[in-house]
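Here is a friendly walk through one model and the contacts that join its parts. Have the coordinates open as you read.

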Amino acid sequence: MLRLRINYAKEEPLRFLSHLEMLNVFTRALRRAGLPLAYSQGFNPHPLIAFGSALAVRVTSDDEYLDVRLEKEIRAHELHNLLQKQLPEGLKIKKVKIIPLQTPALMSVINRASYLVTTPATEKLSENALRDGLQNFWDKSSVVIERVTKKGTKKLDLRPGVFLLEARVAPKEVIWNMVVSSGNKVNIRPLEPVKWVTEKCCLSVNLELAKIHRTGLYIERKGRKFSPLDYVGNEAL
Amino acid sequence: MRSKIHKEILPRVSKPSRYLGTEWNAVRKSWEETPVKMVFAFPDLYEIGMSHLGLQIIYGLINEEEDFLLERVFTPAEDMELQLRNYGIPLFSLESYRPIKDFDVVGFTLQYELGYSNILNMLDLAYIPLESSRRDASCPIIMAGGPCAFNPEPLADFIDLFVLGDGEEILPEILDMLKTYKNGRPRLRARRSFLHAASGIKGVYVPSLYRASYNGSGFFEGLAPVMKDIPEKITRRVVKDLDKAFFPHKPIVPYLDIVHDRIMVEVMRGCTRGCRFCQAGMVYRPVRERSPRLLEKQIKELVQKTGHGEVSLTSLSTTDYSNIKPLLHNLVSNYASDKISFSLPSLRIDTFAIELAKLVQHTRKTGLTFAPEAGTQRMRDVINKGVTKNDLLEATGAAFRAGWNMIKLYFMIGLPTERQEDLDGIIELAQEVLSQGRNLKGPKERGRVRINVSISSFVPKPHTPFQWEPQDSMEVLRRKQNYLRARLASPKINLSWHGVQMSFIEAVFARGDRRLAPVLYEAWKKGCKLDGWAEHFRYDLWQQSFRERGIDPAFYACRRLSYGEKLPWDHIETGVSRKFLINEHRKALQEAKTPDCRFGKCPGCGVCESMDIEKHFKRGRFGAEIEN
């Protein structure tokens, strides 16, 4: 068995695909590529594919990860070429790396995400108001919001999960830069801090038409930052 | 247009991947360099339309021709329609995001009557006049085909040209003629003369070239051509040999989870069973099988080109396919290592079918579906469903023993001659299957046995032996449903229904004539659309529309027609003779069965002779080779 980690970008027009649709796209592309996929055991075998982090509909990304397991040996660049040919417009493989089988699952180690968010403005914006809103955010020790999920609303403190939050006013829009907690434990959605700040400083931006772009996914351990391509699990020891 | 839609509209709608048009194997051809441009319009949502094999066939066929291109459009969901109307953006094709109106031909497929309001709505969203008579050279030719085209009359005012029968045969001929008439210009100018000339192609019906007449008492009297050189009868087109017919070897692979998310391979066309209510079983005669060797080759190619993990062997009754068992054996063993699974759309009611199900279904979770259709032997003889209670219990018994816990049973109520005892028969049969399952299972599994009973209402369909029969009134159907509901109430039996109001509208349009056009228009104006979806269906608006237009819908749905009266679809020839239909109808009333022409002698429906074609069974060596 061979385990490969694929680093790819999800670009236009595929930002409209959901996580489940992405799983379908990769499963079918891997099959079309004729790769010797490894399957789960049981009555309903499915290919052993695992994503790093679910990407919401409407979000593009430069830095996504996917692990696949194959039954036979293959070179990383060979898989890169075979798979790229079978991917629809909007999915670009950046790097493929063979990783040790016992490497911890992407899901369990990725804990940081960086985003670039562009929110169209519905009226003229004040740079000062925006600065005050951001200052307000950093001054607080906790920023509790209500998150609506399928199961109901729950309270969530944004503050400990936001590590960087910058914004600047551009003509007709506000451009945001952020690093937030991502993954299994605390997962901050990029529009959550944006919404809090813009409401605080009464900036009217259109969140519905926001462009959200994930610029990076990585692993932070004891103050050190690792790319999922390099992290095999024993770094923190 | 594309960037505006992607920036401002798609972020606001649900399931936006319906509207991307960049699915794997979608074809984008040069607009400027292709002389004839057609858009395939499916009058329902993307996930329904993309599950339709006919779309994939026509899509591949037309796009392989150098001179033609074919794109797709579906009924937009309600949120999308709202955005299009707000922004004033015309309905657009998925591949090139061009307005539907820019195409030379818009081809609707008519799969069910409840899609008719969607056709009007789509034309309106496309800024194309709804009535054929109001269209000019700036409009595409509006075409329609598919099973409901066998009674085209309710849509006659809205459609320029109908195609009858197998589309692979006729579509290229029409588009070729259109190319000639366009003569290198960007648009077709001679709209009328093109339609006139096209009416000469076998299988084409141009409704504006015919006038319908009615007598003083409101009965349809006939349809006559308004010009001399127009054919009085229109005969459906037939693919004679399925092995030579085009097959879609690069079907589009949707992003979205659609209704049938798998490879569909057509193992045969037509059905020999001869159920007397079934329109498909009559209008797609005779049976034409595809050879197993070719099927294997096609499946191999489809698996490579799509990446799907499941293959469905489709047809009207796949278990009847001559070589089904050796074919399935081969497929299952050849594809085991690739983890490709196979499925059968429906199962014949016998133990052979259970053998097949065992072969393909590794889990026993999904349940098996059988369609006895009626509750008593007498009723099943009336509809010519050649199965006995014994057949059913043997099949379900084998299924329970093989590990299935859930059985789905399909029944129909309101069938001709139905009596109280036939309803009781449905109850008894369902209960008998339930107790059979409980008896056959050990104490651990006994509690898990479930029977799903699905009950639909009979809809008389044109070109069937039951075309003269009335539909029960909604009141009677409701009473029958209540009767069954009260007596089948059990935690182990799940009942599901087809709404009687929907079945009623379906029957009205199935047997309708041209006088329904104003009603359809009115209903659409009032907001009727997506009528096939219970959450959108507005019977109250339909009722108002009938009332305002002075049409009694029961005249169409609930009346017994006489053999002597002229029928609005008499000008459409399916190849099955009227004599056969009458004979079958009489035999039904006498509770007499007609043998399956696959096994018994020819029952004389007339299709092979009139179409100059033979039924094709692919028996012989293939089976023998594999059995060894």
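The report below covers the basis of the model, its domain and chain interfaces, and its salt bridges.

## Basis of the model

This is a predicted model, in which local features need pLDDT of at least 70 and side-chain atom pairs count only at pLDDT 80 or more, while totals for chains, interfaces and linings use all residues. Residues are numbered from 1 along each chain as its sequence is written, chains are lettered from A and ligands numbered from 1 in the order in which they are written, and side-chain values use heavy atoms, with hydrogens and water left out.

## Two domains in chain B

Chain B splits into domain 1 (2-229) and domain 2 (263-498 + 562-610), with bounds that come from an automatic or database domain assignment. Taken over C-alpha atoms, the centres of these two domains of chain B lie 32 Å apart. Contact (heavy atoms within 4.5 Å) involves 20 residues of domain 1 of chain B and 20 residues of domain 2 of chain B.

Together the two domains of chain B bury about 1,700 Å², 60% of it on carbon and sulfur atoms; buried area is the accessible area (1.4 Å probe) that two parts lose on being put together, summed over both. On the domain 1 side, B:Leu53, B:Phe150 and B:Phe220 lose the most area to domain 2 of chain B, together 37% of what that side buries.

Four salt bridges cross this domain interface of chain B, a salt bridge being a side-chain nitrogen of Lys or Arg within 4 Å of a carboxyl oxygen of Asp or Glu.

## Where chains A and B meet

The interface between the chains draws 25 residues from chain A and 29 residues from chain B. Chain A and chain B bury about 2,300 Å² between them, with 60% of it on carbon and sulfur atoms. In chain A, the residues that lose the most area to chain B are A:Phe16, A:Arg28 and A:Arg32, together 28% of what that side buries.

Two salt bridges span the interface of chain A and chain B. In one pair, A:Glu89 forms a salt bridge with B:Arg28, with the closest N and O atoms 3.6 Å apart. Helix H1 (residues 19-32) of chain A gives the most to the side of chain A that touches chain B, with seven residues; helices (H or I, at least four residues) and strands (E, at least two) are DSSP runs, numbered from the N terminus.

## Salt bridges and their surroundings

Over all chains, a search of the whole structure finds 64 salt bridges. Side chains of opposite charge can pair when their charged atoms come close.

Within chain B, B:Glu47 forms a salt bridge with B:Lys15, the closest N and O atoms being 3.6 Å apart. This pair links distant parts of the chain, 32 residues apart, with B:Glu47 in helix H2 (residues 46-49) of chain B and B:Lys15 in the loop between H1 and E1 of chain B. B:Glu47 counts as buried at 8% relative accessibility, whereas B:Lys15 counts as partly exposed at 43%.

Terms used: Buried < 20%, exposed > 50% of the residue type's maximum accessible area, 1.4 Å probe, protein only.
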